[in-house]
Structure formats: C-alpha cells, structure tokens
Amino acid sequence: MNFLAHLFLSGPPGEIMLGNFMADSVTAAMKPAYSGEIQKGLRLHHAIDAFTDKHPVVQQSKERLREPYHKYAPVIVDIFYDHFLAAEWSRFSNTSLRDFADAAYSFLGSQSALLPERSMHFYRYMHTTDALYNYSQISGIRRVMKGMASRASIGSGMEDSPDALVMHYDAFKEEFLTFFPELMEMSASFLREEMGR
C-alpha cells in the first residue's frame, strides 16, 4: 500500500502514524533511537506490506499489469489502491478526506526533526502536491505516475499506467473493495496486540 493507506491505517495522528510513514527509510541500526510508539508504527508498516504482498486478491490486480509493467506492477497497484481509498473514502471514514489530509500534513510537518532525510523528501513532495487528497482524481494518479517514471529505469512505462486504471477501472475497484476491509481488520488487530505488550 502507498502513503494514504499507511497513514489511514495508523489511527489518529501520533507516533504510530509517524513510524508507519517513515518505516521504509529506517534501518535496523536507527530503530533503537526511536520511542516505543514509533517502533510500533514501524512494525505496523511492515505488517501491512506483508499482508498486502501475500493477499490473493492483490495478486489478481498485479497480474493484470504484469505483462506491460513487469517488476513495477506491485508499485503501480499500490498507487491504484490509494486512488480507490481516496475515491471511496466515505465508505471507510467519518472524517472527510480533506480534513484527514490536512491533519496528516500538519502532524508530519510538526515532527520533521524526527524524519529521516528520505522520508522528509517524501513528505515535502506529498504536501506540496497535496497528493493525499489528489489521489482521488485520475489526474492526480497521472501526476504521481509521471513523477515515478522519471525516477525509474528508462522504458518503465509507468507514465502510461493510468490508462490501464481507466480501462480496467471496475475490476480494480472490485478487488480493492474486497481486499481493503480485510487489511483494515488485520491492522486493527495488530494494533490491539501491540497495545497489549
């Protein structure tokens, strides 16, 4: 899953959300420097990724993109699923997407001193482009994919992947709506267990 899902699944703004957001930038050697709550967020991030990577419905989405995009298919599916989370936001949250995005930007910005450089780069990009909110629009997905293609290997084709989203929109949406409630339950269960430690 991508930024919007990871932040949403963390619960309200706090150290768990911070850890979840920056997990991909934190090495094993860096972990002891962070609080226990931040480390819970790091573990939640990896649990979300592991659950997602193994889920059969997610595999269906990836296979639809495997031929044209090869190793980039999982990355593209992560972005597509964030689109559906944003577009179908009211199914999953009583807070508006606008309010959630603004609260996430504000909180992460207030914690900038704790963010590794790579995470700070992602935060600035996300905030500057209002990515969390703009995921809800195909135009926002096109912007994200164009940026990712510019940083990937020549010929990745990721800039064209939103065409596949449009072409197979209903199938991707159905897969997301089947998968995401299960991911929500897994994340909630994981956090309950973490709180019991």
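**Inside a helical model**

The buried residues of helix H2 are Ile16, Met17, Leu18, Gly19, Asn20, Phe21 and Met22, where buried means under 20% relative accessible area, exposed means over 50%, and partly exposed lies in between (1.4 Å probe, protein chains only). Helices (H or I, at least four residues) and strands (E, at least two) are DSSP runs, numbered from the N terminus. The model is predicted, so local features need pLDDT of at least 70 and side-chain atom pairs count only at pLDDT 80 or more, while totals for chains, interfaces and linings use all residues. Residues are numbered from 1 along each chain as its sequence is written, and side-chain values use heavy atoms, with hydrogens and water left out.

Helix H2 spans residues 15-22 and is mostly covered, since seven of its eight residues are buried. What lies over these buried residues includes helix H1 (3-8), helix H3 (36-54), helix H6 (97-110), helix H7 (117-129) and helix H11 (169-195), with contact taken as heavy atoms within 4.5 Å.

If residues up to four places away in sequence are not counted, Leu132 touches Phe3, Leu4, Leu7, Ala86, Leu97, Ala101, Ala104, Tyr105 and Met126.

A salt bridge is a side-chain nitrogen of Lys or Arg within 4 Å of a carboxyl oxygen of Asp or Glu, and a search of the whole structure finds 11 of them. In one of these, Arg64 pairs with Glu175, the closest N and O atoms being 2.6 Å apart. This pair links distant parts of the chain, with Arg64 in helix H4 (residues 56-69) and Glu175 in helix H11, 111 residues apart. Arg64 is partly exposed, with a relative accessible area of 26%, whereas Glu175 is buried at 8%.

Asp53 and Lys62 also meet through their side chains in a salt bridge (3.9 Å, N to O); Asp53 is partly exposed, with a relative accessible area of 43%, while Lys62 counts as buried at 7%. Arg192 forms a salt bridge with Glu185, the closest N and O atoms being 3.2 Å apart, and Glu185 counts as partly exposed at 46% relative accessibility. Elsewhere, salt bridges that share partners join Glu88, Arg91 and Lys173 into one network.
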